[in-house]
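This report describes selected features of one structure, beginning with a helix and its surroundings and continuing with a sheet and the confidence values.

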Amino acid sequence: MQRSLDHKHAAQTDVPWEALRSQAHALKADAIAHLDELLEQFERRFVERGGEVVWARTAAEAAEAFVGICRAHGASSVVKGKSMVSEELRLNEELAAAGIEPVETDLGEFIVQLAGDKPSHVIAPAAHLSRQDVGHLFTSKLGLEYTDDPRALSLAARAHLRARYLRAGVGMTGVNFAIAETGTFVVVENEGNGGLSAAAPPVHVAVMGIEKVIRRTADLNVFLQLLARSGTGQKITTYTHHFLGPEKGKRQYCIIVDAGRTALLADPETREALYCIRCGACMNVCPVYRRAGGAAYGSVYPGPIGAVVTPKMVDPAAAGVLPFASTLCGACKDECPVKIDLPLQLVRLRRASVSAGTSGRGLERRAMGAFVRAMTSVRAYERAVKWLRAAVAIGKRSPWKPGPLGAWMRGRALPAPARQTFREWWSMRP
Amino acid sequence: MVVDAAVNNDARSEIMSRIRAALRVPLKLDFDDVSAAESERAETVAATDPEALSARFVRELGLVGGDAVVVGERGVGALAKSVADHITRLGYQVIAVQCDEFASQAASQIPADKMIETSGASAEFLERADCAIIAAESLIADTGSAVVRVSNYQDRLLPYLPPACIIVGRSSQLVPSLNEGALGAGDLERGERVIVTGPSRTADIEKTVVLGAHGPGSLTVFVVSD
């Protein structure tokens, strides 16, 4: 991880990095502040180019629309380019339930799909699996002879997936940037799977969150320079696809999804989170993410940005948990290519959660109250010390470990209390 | 329309009204950030001298695992000879050429028995090709990228399907950096404009870079003076 960070910082030195970040932040601020106009303009222009727009209030509505499109075109399988929004839609599950086979084509996503797992990073979905894991997986699921050579494994996936592109009735991609001025959209990727998914099947369905729209083609220049450098340390990804509307004989749909984004928008304290371009840089530098891994967040979007967007977009119950899963060290803020003040957002969410009483921190509050009482009176302090020493001695021996404290203790060994307290020692000294 | 129009209209107007309601509370914008954006857009390469641009293009493409061939002599005839020699040397047997005048000229010295007819071909048929030839629309020195425009079914598959890809361009198409002109979309254009920077790659298994993930493992860009 450290090596790739160094590599990435090297790629940032050949451009006016700070100026680009400020520009990107301002461009996103402008686009989000005029989101209604820009979405309408994008729709109008995209339709003029022969595309069809579908609006979806919720993830479920978007998935239903997607399945509807597949049915209307008689598709029995869908090849998918890399897309995080499709994880929000639980598109693979929904397609399978409708009898349509979803095929992930991004190598990382393909591995994760074979393993029956979930992506652990927005741009490196299989980062949690070793080459040996992948080798064993390909042996058991694809019947290939075992190898743990990344090159041989990558080429095996290529060979396996090639025929799938040609058979699929529908190809799906995400959208990195939708341009209001032209009604066109941009997808970036390295493998060529996005290009094939879009081009080979007769129908291309692109799925995007409402926040992906930008004003002008000229703005792309700023974002493209930031996105690849922040995501993978490249100057630009291998393929930057600019889709210009369906050519003759082709159908192109764009599903525009809200799925909780307007809730982020409605709160000025979290609105900035919509500027995110999903590069994954905040995860790469986050000490909590790097220790705990993406799965620990239990949400589609992990890491600092996930901790901000998940409570508002998907799961209000996460508000008492995810914003607290951070040390507030600020590395994510320094790294963010669009200068989202993630620590500030996390603090705001914590404050909101505590005032709403949803933080689930009653025990902590009571413990701190007791601590304050003990520390402000000598008598209370002495009593507390006596009581605690006894409790620790019992706790160490007792197999009975109740409640949240018990859960904490099961994974840890309590230190034995000292033979005497400092006060006892002091009074006994000659 | 495949999706129920009434449902779609409802969804659209509800999302729009949510957005408008949300935006009634404006965000205080950071003045510095806005003024930074109003200031000049970052220019990454100052040099516009053709020699320097060409040298930079060759170097950058090499860094991402691609090859650049700067054709020694002027003109499309020299380009065609250079491309034909390259194909013979590497032993490519089945060549698919983009439906484009410049690409056809560049392929004009390849023996006819190696060429397949792409017009109207199926994807399965195009899969037989071991090398594609595509024309560049512009070349970006700063990143070693070739911008290509593909606007029919067969042409859209060519940058990805064959294991080797050749892109042919002219030195007058070299621009210093990514710009609106290279990226833009005209009113009537359909299909796809794609910026290709090196061969297809992946690093999804333990961050080990592997070339030829789903697209070509080899990319050669020929640049001829005009």
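In this predicted model, the buried residues of helix 15 of chain A pack against helix 5 (85-88), helix 12 (261-266), helix 13 (281-285), helix 14 (287-292), helix 16 (331-335) and helix 17 (342-355) of chain A. Among the buried residues are Gly303(A), Pro304(A), Pro311(A) and Met313(A).

Chain A also contains an open sheet of 6 strands, with parallel pairing and the order 1-10-7-4-2-3. From one strand to the next, the twist averages 25 degrees. Helix 9 of chain A packs on the sheet, where it touches strand 2 and strand 3 of chain A, and its direction makes about 130 degrees with that of strand 3.

| Element of chain A | Residues |
|---|---|
| Strand 10 | 251-257 |
| Helix 9 | 150-167 |

Strand 1 and strand 10 of chain A pair in the parallel sense over 5 bridges. Within this pairing, Cys254(A) of strand 10 is the bridge partner of Val53(A).

For the complex, the predictor gives an ipTM of 0.93 and a pTM of 0.89. Chain B has a mean pLDDT of 90, with 91% of its residues at 70 or more. Over residues 34-45 of chain B, however, the pLDDT is below 50, and this stretch has 27 contacts in the model beyond near neighbours in sequence.

How values were computed:
Residues are numbered from 1 along each chain as its sequence is written. Chains are lettered from A and ligands numbered from 1 in the order in which they are written. This is a predicted model: local features need pLDDT of at least 70, side-chain atom pairs count only at pLDDT 80 or more; totals for chains, interfaces and linings use all residues. Side-chain values use heavy atoms; hydrogens and water are left out. Two strands pair if DSSP finds at least two bridges between them. Helices (H or I, at least four residues) and strands (E, at least two) are DSSP runs, numbered from the N terminus. Axes are lines fitted to C-alpha atoms, for helices over the stretch in contact, and angles run from 0 to 180 degrees between N-to-C directions. Contact means heavy atoms within 4.5 Å. Buried means under 20% relative accessible area, exposed over 50%, partly exposed in between (1.4 Å probe, protein chains only). pLDDT is the predictor's confidence in each residue, from 0 to 100.
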